[in-house]
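Please consult the sequence and the model while reading.

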Amino acid sequence: MDQALALELLLSGKNVLLTGPAGSGKTYVLNDFIRRAKSEGKHVSVTATTGLAATHLSGSTIHSWSGIGIHDSIPRDFYDNLLKGRRDTITKTDILIVDEISMLHDFRLDMIEQITRHVREVDEPFGGLQVVLCGDFFQLPPVSRGDQPLGKFVVNAQIWEEFDPVICYLDEQHRQNDDDFLEILNAIRSDDVRRNHAEKLLSRQSVDLAELGNVTELHTTNVDVDAINSQQLSNLEGKEHHFAMTTTGKAHYVESLQRSCLALEDLVLKKGALVMCVKNNPEKKYVNGTLGTVVDFDSATDFPIIKLRNGRELTITPEAWELRDGDKKRAGLVQIPLRLAWAITVHKSQGMTLDAARIDLRRAFIEGMGYVALSRVRSLDTLSLVGINQMALRVSPQALSIDESLRSKSAKDAKKFSHLRERAEKRKTEKPAKYTATSKSEKLNRMREKYPNAYRPWLKSDDEKLVKLFTSSETISIPELTKTFGRHPGSIRARLIKHFGEDAVTSDA
């Protein structure tokens, strides 16, 4: 199925499983649908099975949204203890989206279904919500730890047959531009890796990618990644530049957002550092996974200037991340959307497109890990293998069986809903609405006419001065602090909440 028909099915209100290989455009279609649905006034709850995936979509985890948390079954007193705010969010939602569905256990999907049906008091699957599940079953599977019950993929859930979503299996390719490499990836997906595929992969072992400049390494463990990045940064000469994250919201929500976000609480950079953008830029100057090298720091703002592989230089300004619960914003943070990129984990690379990578799969420990890592890269020519084990080429036998049935049902659904294709083709020719919003730089310059330090990093001396002024005077006001520090009142409030908690600052202070 192509993206246009999939989008039309989503917009028509159908329950959908949006799936397909890495690079087939699942996230692109999902984001387009979310934008259009919200513009029509729909209440869209955007969730994912992991915090990292949730932040890519500015959403929350499905565990948090539904209230199940870490539970493996619905406690007896669950509904008695379910907060009114959680009930309101579930009741008000029109569309529930769950991304990275491959990592959700079947029994947890049943739990979510029972909760939504009960809370919404509608005796239909998921209480009558339009539910959109998105993911690829060949990627990382559900993980059971300790004494957790063994779970299977969501297609084994008790509710699945009654739920009966339309299957939108995207079969176009928008990442790889190398037929040989695509053949290898498809061979891994079909559990049909032959000698010629293995030989082509092994031919990339220890290949020198120096002509491409610095490239990112993918590793299977955090320990390796942290050690490599720390050592590489220390090898660079020159001054360290620190960028502190600013946050808003209650502490436990902020902590949840920080854990699930690739942005760092304290980002430390030097000239020459290899960095990766960790957010899609609204103005499409970079995407999540874009690599660059720090070449300088802006003299006025200290913001890093990076040089991309195509030679363009960009000044990277702070971006915002949000933890949303339905329509409610629970927490927010602002930080430079960069992190050191000499190395990242395979897990954190999900959703990224890398121009080039050096990949170490000698310690791949779970089915699908090798496929996730290899499919981040566009071509064999931009891949270097440190090493690879047999597990890296394995996929789940259950995923193979599921994939066959999903492809078959997707083909049937494409025929069943072929009457929507004319509308889909017409929508493809529509010109997107012109972007008329003021550019970020213009907004920033306008804001700094009134607040000269807007979006500039808080220095340690500024923090110490703020704490001293706030604690030494019972009458000092937000406007006075705004004038003293040359910052927006919202920034002052956020900083005071960071130091003293929610209760320290009243809305009219």
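Which residue of β5 does Leu17 stand opposite? In this predicted model, the residue opposite Leu17 is Leu133 of β5. The two strands concerned, β1 (residues 16-19) and β5 (residues 130-134), run parallel and are joined by three bridges.

**The sheet**

Both strands belong to an open sheet of six strands, paired in parallel and ordered β3-β2-β4-β5-β1-β6. Its edges are formed by β3 (60-61) and β6 (166-169), each of which pairs on one side only.

**Helices on the sheet**

Helix α1 lies across β1, β5 and β6. Helix α14 also packs on the sheet, where β1 and β6 are the strands it touches. The table sets out the angle of each helix to β6.

| Helix | Residues | Strands | Angle to β6 |
|---|---|---|---|
| α1 | residues 3-11 | β1, β5 and β6 | about 150° |
| α14 | residues 397-416 | β1 and β6 | about 105° |

**A pair of helices**

Helix α17 (residues 460-472) and helix α19 (residues 489-500) have axes that come within 11 Å and cross at roughly 80°. Angles of 65 to 115 degrees count as roughly perpendicular, and α17 and α19 are therefore roughly perpendicular to each other. On the α17 side, the contact is made by Asp463, Leu466, Val467, Phe470 and Thr471. Helix α19 contributes Arg495, Leu496, His499 and Phe500. Sorted by class, this contact of α17 with α19 comprises five nonpolar, two polar and two charged residues.

Key:
Residues numbered from 1 in each chain as written. Predicted model: local features only at pLDDT ≥ 70, side-chain atom pairs only at ≥ 80, totals over all residues. Heavy atoms only, no water. Pairing = 2+ DSSP bridges. Helix = DSSP H or I, 4+ residues; strand = E, 2+ residues; numbered from the N terminus. Contact = heavy atoms within 4.5 Å. Axes fitted to C-alpha atoms, helices over the stretch in contact; angles between N-to-C directions. Parallel < 35°, antiparallel > 145°, perpendicular 65-115°, else oblique. Nonpolar A, V, L, I, M, F, W, Y, C, P; charged D, E, K, R; others polar.
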